[in-house]
Amino acid sequence: MTIKPAELANKNPYLLRNLALYGTCFFFITVLLTAFVIAPKINSVFESQRSSDIQIELALEAQLFTRFVESQHSILRDLAGYPSIVNSVMLSNTNEPMLIDLFENVAIGGKSGRVILQDIAGNVLIQSATDLQGSYGIKQLWFERILNADIPYYFRLLKQTGKQFTFQISTPVTYNNFVEGVLSAEFSMPLDQVFIALSFGKHIAFKLSQDHISINTDSSHIDIAREDSLTLTSPAVTFTYISDDALVRNKKRALRNTILLVLLVGLGISFLLFSLYGYRNLIVKHTKIRVRPSLNRVYLTPFIVAVVGVAASTTAFLIINNLHQVSVEEQQIASSRAAITSIRERISGNLEILESTKAFFDASDTVERAAFKTFVTPLLANHSNIKAVAWLPKVTLDQRREYINSAQLDGLKNYNFRELSPTREIVVAGIRSAYYPVFFAEPLLGNETAFGFDLASNSRRFSALIEAGNSGDKVATAPINLVDDKITGSGILVFYPVYNSLAQSSNDSLASVKGYVQLVLRTSSLVAQTLENTNDVQSLYIRDITDEDKPETIYGTAISAEHTVFSESIDVAGRTWRMDVVGMRAEESLNWVPWLVLVSGLTFVAFTTAGLIQLIRRREVVERLVTERTAELRMLSSIVANSNDIFIVTEADDIDAENNGPRIIYVNEAFTRLTGYSYDEVIGRSPRILQGAKTDRQELNRIRLALEQGKPFVGELLNYTKSGKELWIDINIAPIIDIHGRIIQFVAVQRDITERRQAQVDREKLINELTGSNEELERFAFVCSHDLQEPLRMIRSFSEKLQLHIASDLERDEKGKRYFKFITDGATRAQDLIADILTYSSINNDVDKLQAINTQDLVDNVKRTLQEEFLAGGMRISSDILPTSHGNQTQLYQLFQNLINNAVKYRRADVTLKVHIGVIDADNYWQFSVKDNGIGMEQRHLGKIFDVFQRLHGKSQYAGTGVGLSICKKVVTRHGGTLWVESDVGVGSTFHFTLPKPIPIEIEDETQRKAS
Amino acid sequence: MKFLFIVIAVLMSMQLLAASDVIHIYQDADISNHYESASAIQKGMEIALAEIDNEIDGYAIALKYLDHRGNVVRSRRNYQSFIDDPKALAIFSGIHSSPLIKNRTFINQSKALTLVPWAAGGPITRYPSSDNWVFRLSVDDTQAASVIVDFALKDKTCKQPHLLLEETPWGDSNFVSLSAALEQQGIDNPAVSRFSWGLKDKRARALVRKISISKADCVIFVGNAVEGSVIVNEISQQPEAERLPIISHWGITGGNFHETIAAEQRAGLDLHFIQTCFAFTNPDQTDISQRVFTRLGQHTGGKIDDPRDLKAAAGFIHAYDLTKVLIQAIKQTGLTGYMPADRAAVRRALENLDHPVEGLIKTYEAPFSEFNEISNTNAHEALDASDYCMGRYGPSGEVVIL
């Protein structure tokens, strides 16, 4: 049985999500491993493989080259075996016709041979061309080595002209296995016929180096040259395989970009999937109630979306940045190439001056100083980098004096041959067989000290001279410091030999040197000037690598290979200069595209993530509301279902229908219980079935009217149960309005008030009875009190009269006086008591006469009644600013008076009585307090002091009826307030009571009244 | 007394000095490629000098052998060494004529007293000046041509000889002399082929084929052992009927020809060459020849105890005779120790020898005289045509005079 994904999802809604999570984690781990482990490993393997390939390629190419040379040699060797050639060398025959024919017809390397035959003395027996480039003489070491059979043949690089290179192969001419002469040939061949790249496409070049000569195939297509060399023994050359590191860098970058692209695509897809997944989850309505996931899990999706999005944006940024870097580098390479070409052309332009001057000397038998100046000065006009052009004649020891005299006659009075002493001082040159002094030099200015300096005295310069003399070509020195120059920096000297005769033979050319034309070139300033006009080239490092083991800096400072964007080797008068260029860093060339992508990506991710979070929050709110509403609904439903009140829901239609009325669509259980109708019996019927004969028709009309107007209705109605029993209900009908404001239903809540209705009838009946009883009682008390007043007054009055009447008798009758006093006091006390009882009982009657009372005035009146007390006892009554209250003025006056009098009565004898009437706002009431520093009360007595006739002290101690506080309590209670006391013995008591604030409308009425 | 003592002391010291001094006699020859001839010459010199205990007029005689390997430039360089040597008196040459002919002017101008025991080139001794420093005791091409031609035409009844000459000055010399000799015999413009040194089989085969196709009935060959071996080898490869008689100059006997062309191969060839008439293999030996041969045997530690053992015997014979002539000349003039002067004196003595010298070939009364290019062109030739004979190789590679 197979489980469909949907079923699977239904079985476990998180399974797919978990699978997606695991998949993503796996993807991330794979990507991270790829980025940090596999990619570097691939790089390393790539690098290693490339090195290995290059070494193999190098060995193979070198082998091919060796075979090529050997094949050329074998052609020459075969030629050398010709008997006529053997004959010629044995007999030292020169220019034999047979040989001339042979040499003219011999084809070497597919071309007419440039062949030279020499006897063992180095004498040229025949040569088929006059413009041979090599040096052929007995003094050559290679010649001796061939004669001594030390080497099977000799290979020498001669020169490179464009895409052609010329080399010499010399082979022994043997007779009976003994070397008897040397046959040499010069081969000129297109480089591309010899050097054929076997692999690596076209991104390679080759270089051959021998002594100071090197030739190389076109390397202009190589941006960053990597040179791997192999020193061959036969032919004795250094074979260099030049590959392009830029290619590797590009491949590495392509690999990195591919990885980044894969990353980007993966991350992008992940981002989209997670975004969609998150969005879908948030908008799809779940029909089933699920267990609410934890907060971490809820926000996991946006978190992953954010992480993936940031990673994708960063990856996109890196890719675009990489692409940008590529374009920047390409631009830099183009600039570097242009700069180097410019330098090469400038040098070449300067060397043309040397060639012109040499041609001038060649064309003239003798050159005078003035002629030299005339010729050279205009040439120098536009070449500021040339420090000097000089003529260095070869002067033998015998000729020294003659030359010095000549120079002195020309006006150089202190002219002499000079050299540098070991202590670096300019001294007169010592004795040597030949000198190469600076004889002419232009411009004079700045070169005064150079005159007479013998170039043969300096090994570096002299070796260049010798080389130039031997080769017949321009030869530059290694870089030297032009310390005497105004512009310090390195420069080079270039020598160009001038020979005694135009037809100088190839051999022993040094002997026929007449002198040298010398050019002093300020290389530093030349390079600096070139770079001034070049953008994108940050720095240039030029080295003379002619001697690869000892490179010398010409310009700039060393830079590490990783910062090199371009490198090229150029040939400068027989020397090889390597130029390494550092370009502007990609970071330094502001480019906003990758940053825009990054910012856009991050913004998009931020918005997406924020959107998801927002959706999650909204969903949470909705879910919470649903939960709450559901619970609420359930609660209400439960309330409705289980309520003792009847709930009826009807449709809003057919309100006016005469018989039918609105149809019932819901009744609760209380309905069926109280009315006796079952649920099914009433659904679809009108509530009118509940009404009967005694139902108030007017009330029904009011109901209908309210319903028609869409207003709620509250009232009482008599209904009947199914069995016809009366059922009084308190009915509350409200319309149910939909979101469009339309009344769709009515809900009626009906409470069974049949019993209440009966109780109410009973209570009203009882109240009526009690009211009558009370009124009788009050009337009785009033009458009783009032009627008692009279006899008491008579008792008192007549007692006093009797006392006056028998006053004389009583003068001595203390007892009689005391008895009279008892009678009058008793009568008085009875009167007071009755008065108090009257007051107490009258409170009920007066409570309805309520008005706004200025309590301040009340207190002031009370204080005035106590004026005498103030004078006698020195008591002080203070008060807050007292407000207007609402109540019966007489009773409130009674209240304040009783409380203050109470304080006065129970004051302490030894202290000044202080009474303070305070007030605070307590919502609808004013809370007053009357505080004294009197004798105070024990806590246990506080509960009963407000009872009628309760006294804490004997009459002898404090006079009173024990009704005062009861009156206070009754007054406050009748005003709807409360009275309570706080007291400490020996400290004092505080009576608190609340009184209602005046009713605003009454205040308004009062204000209007006052205003009117 | 004191003066006498000083004189005696000086004389004694001079005597001591003289006795301890040495003169150098050089040989400049092709020791590498034609060792047999060079070696034979050396032995001849050594035996002759041994007879005077390698000492003459108070000077020890030291021999110096230089190898020019047939290369004229090296020969000149060797001569330069000789000239630069303050003790060098005379220099013997070897088999090759070319170095001597090419360097003749240099030799004479350098006043290098040269004694030629083998090289036969006509111009060698005919430097057009009375100041001629080259003396020969050997076959002279200008005189040998008639002997060779006579042998070819008469003994070998050759009607159309084909001249096969090396492309060297020696070949040139022979071309002139042989042509003249043939012309005298009524053969004008003989067929001529030239070959160079270093000749290889292919070229030799072509030459031989060419000669075979022509109507030549004999080959007159002028060349040395190296190239001679190549050519004769090719001729021997020809069908027997087509193998032409070879009448050769004696250059082939100067090297290891007898080894490269073995006896069996030689047996199939009709090969003759010119020699001087004396040979140790001759049946009639004089006392002196027997004595010399005995000394030779002793000198070589018994390696040569049969005349057949001595290869390139002509070199030995000529060198022996020539050395004896030189000794006589030195004796005649004495030595000063200053070589330029001594060389001049000896040269004059050679031209004016006043005592006969008993040699192997003959007794030399006045072998040399002052050269005159018109009246006395053979002045520096110790031998003449009467001293020449034809020879052939014996079974052991020895030279047998006919």
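This is a predicted model: local features need pLDDT of at least 70, side-chain atom pairs count only at pLDDT 80 or more; totals for chains, interfaces and linings use all residues.
## Disulfides of chain B

Over all chains, the structure holds two disulfides. One of them is formed by Cys158(B) and Cys218(B), and the other joins Cys277(B) to Cys389(B). If the bonded cysteines of chain B are numbered in sequence order, the pairing reads 1-2, 3-4. The table sets out the distance between the sulfur atoms and the torsion about the S-S bond for each link.

| Disulfide | S to S distance | Torsion about the S-S bond | Hand |
|---|---|---|---|
| Cys158(B) and Cys218(B) | 2.0 Å | about -90° | left-handed |
| Cys277(B) and Cys389(B) | 1.9 Å | 95° | right-handed |

Cys389(B) counts as buried because its relative accessible area is 18%, and buried means under 20%.

The disulfide of Cys158(B) and Cys218(B) has a torsion of about -90° about its S-S bond, so this disulfide is left-handed. This pair also links distant parts of the chain, 60 residues apart: Cys158(B) belongs to the loop between α6 (141–155) and β7 (161–166) of chain B, while Cys218(B) belongs to strand β9 (residues 218–222) of chain B. Cys158(B) is buried, with a relative accessibility of 3%, and Cys218(B) is buried with a relative accessible area of 0%.

## Aromatic rings

Phe361(A) lies in helix α9 (residues 300–363) of chain A, and Trp391(A) lies in strand β12 (residues 386–393) of chain A, so the pair ties together parts that are 30 residues apart in sequence. Phe361(A) counts as buried at 3% relative accessibility, and Trp391(A) is buried with a relative accessible area of 6%.

Phe361(A) and Trp391(A) also belong to one aromatic cluster, whose members include Phe372(A), Tyr403(A), Tyr435(A) and Phe439(A). Which residue lies over the face of Phe439(A)? That residue is Arg369(A), at 5.0 Å from the ring centre. A charge over a ring also occurs elsewhere in chain A, where Lys997(A) lies over the face of Trp926(A), at 4.6 Å from the ring centre.

## Cis peptide bonds and positive phi angles

Turning to the backbone, a cis peptide bond joins Ser234(A) and Pro235(A), with omega about 5°. Pro235(A) is placed in the loop between β10 (225–231) and β11 (238–244) of chain A. Another cis peptide bond joins Glu442(A) and Pro443(A), and here omega is about -5°. The position of Pro443(A) is in the loop between β17 (440–442) and α12 (459–471) of chain A.

Asn176(A), which is not a glycine, has a positive phi near 55°. Asn176(A) is found in the loop between β6 (164–175) and β7 (178–190) of chain A. Is Asn176(A) exposed, partly exposed or buried? With a relative accessible area of 36%, Asn176(A) is partly exposed.

Asn189(B) likewise has a positive phi, of about 40°, although this residue is not a glycine. Asn189(B) lies in the loop between α7 (169–184) and β8 (191–195) of chain B. Asn189(B) counts as exposed because its relative accessibility is 75%, and exposed means over 50%.

Note on methods. Residues are numbered from 1 along each chain as its sequence is written. Chains are lettered from A and ligands numbered from 1 in the order in which they are written. Side-chain values use heavy atoms; hydrogens and water are left out. Helices (H or I, at least four residues) and strands (E, at least two) are DSSP runs, numbered from the N terminus. Buried means under 20% relative accessible area, exposed over 50%, partly exposed in between (1.4 Å probe, protein chains only). Rings of Phe, Tyr and Trp (its six-membered ring) pair if their centres lie within 6.5 Å; planes under 30 degrees apart count as stacked, over 60 as edge-to-face and the rest as tilted. A charge sits over a ring if NZ of Lys or CZ of Arg is within 6 Å of the ring centre and within 35 degrees of the ring normal. A disulfide is a pair of cysteine sulfur atoms within 2.5 Å.
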